[in-house]
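Hello,

Here is the structure I promised to pass on. Have a look first, then read my notes below.

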Amino acid sequence: MLRQEGFKAFYRGFGVVVVGNVPANMAYFGGYELGKWLLPDRSGLLSNMATGAIAQLSGGLLFTPVDIIKERMQVQGLLQGHFSYTGSWHALTSLLKDRGPLGLFRGYWATNAVWIPWSVLHIAAYEKFKGWAADAYPGKQGLHRSPDDLPPWVLGGCSAASASLAALVTQPMDVVKTRLQVRKP
């Protein structure tokens, strides 16, 4: 890739990621907080799983268009003749011209078929790991610690472990989703 397309090829699609990730994450975490509000019983596995699904359905409305543009730009060197974009804006306007606004959502359900299970696993495992960590990591003077009172480094470890588990399980679905999003009709 470096030899044939140059160093810039490693950053194809990065512009849309920079611009799109902030609003997409706002939608995702807005959905997460909405899920916690709608399902106040945050101690149960089912409420954690549902909260993850609500977060993804919300975030997916913005993550899907970002992914489609980014992935098309990333594979254009492999699929010569299919896509030829000068940048993220050109990719966006070309996609809108060729497919209309719905073209930005091609693979929305395929994306959610990957990311809903990912979010469900991540949120449920994260909450479970926090509970285990609270039991294993005593608070001040050896008292039982609440999961909400864990130090940031422990929460970071819980998040890393739960995200890794979710990625391991959903990776095969992500490959299929990506191929659906970048193929020509």
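**Salt bridges and buried charges**

Lys-130 and Glu-127 form a salt bridge, with their closest N and O atoms 3.4 Å apart. Please keep in mind that this is a predicted model. The two residues sit three apart in helix H5, so about one helical turn separates them. Both Lys-130 and Glu-127 are buried.

How many salt bridges does a search of the whole structure find? It finds three. Side chains of opposite charge can pair when their charged atoms come close.

Another of them joins Lys-70 to Asp-67, with the closest N and O atoms 3.7 Å apart. These residues are three apart in helix H3, again about one helical turn. Asp-67 has a relative accessible area of 13%. That is under 20%, so Asp-67 counts as buried.

Lys-36 and Glu-33 also form a salt bridge, with the closest N and O atoms 3.4 Å apart. They lie three residues apart in helix H2, which means a separation of about one helical turn. Lys-36 is partly exposed, at 26% relative accessible area. Glu-33 is partly exposed too, at 43%.

**Overall build**

The protein has six helices and zero strands. Its C-alpha trace spans about 65 × 35 × 25 Å along the principal axes. Of the 185 residues, 41% are buried.

**The largest pocket**

The largest pocket has a volume of about 330 Å³. It is lined by 14 residues, and the closest to its centre are Asn-25, Tyr-28, Phe-29, Trp-118 and Ser-119. Helices H2 (14–38), H3 (45–75) and H5 (108–136) each give two or more residues to the lining. Which helix gives the most? H5 does, with six residues. By class, the lining has eight nonpolar, five polar and one charged residues.

Met-1, Leu-2, Phe-7, Phe-10, Tyr-11, Phe-14, Val-18 and Val-19 make a nonpolar surface patch of about 880 Å². H2 contributes the largest share, three residues. Phe-7 belongs to the loop between helix H1 (2–5) and H2. Is Phe-7 buried or exposed? Its relative accessible area is 57%. The cut-off for exposed is over 50%, so Phe-7 is exposed.

Best wishes

Terms used. Residues are numbered from 1 along each chain as its sequence is written. This is a predicted model: local features need pLDDT of at least 70, side-chain atom pairs count only at pLDDT 80 or more; totals for chains, interfaces and linings use all residues. Side-chain values use heavy atoms; hydrogens and water are left out. On a 1 Å grid over the protein atoms alone, a cavity is a set of points where a 1.4 Å probe fits but cannot get out, and a pocket is an open set with protein on both sides within 12 Å along at least five of seven lines; lining residues have an atom within 4 Å of a point. Grid points are joined across faces, edges and corners, and a volume is the space filled by probe spheres set on the points. Helices (H or I, at least four residues) and strands (E, at least two) are DSSP runs, numbered from the N terminus. Ala, Val, Leu, Ile, Met, Phe, Trp, Tyr, Cys and Pro count as nonpolar, Asp, Glu, Lys and Arg as charged, and the others, Gly among them, as polar. Patches are made of residues with over 30% relative accessible area and no salt bridge: like charges are joined within 9 Å, nonpolar side chains (Val, Leu, Ile, Met, Phe, Trp, Tyr) within 5 Å. Accessible areas come from the Shrake-Rupley method with a 1.4 Å probe; for residues, only the protein chains shown count as cover. A salt bridge is a side-chain nitrogen of Lys or Arg within 4 Å of a carboxyl oxygen of Asp or Glu. Buried means under 20% relative accessible area, exposed over 50%, partly exposed in between (1.4 Å probe, protein chains only).
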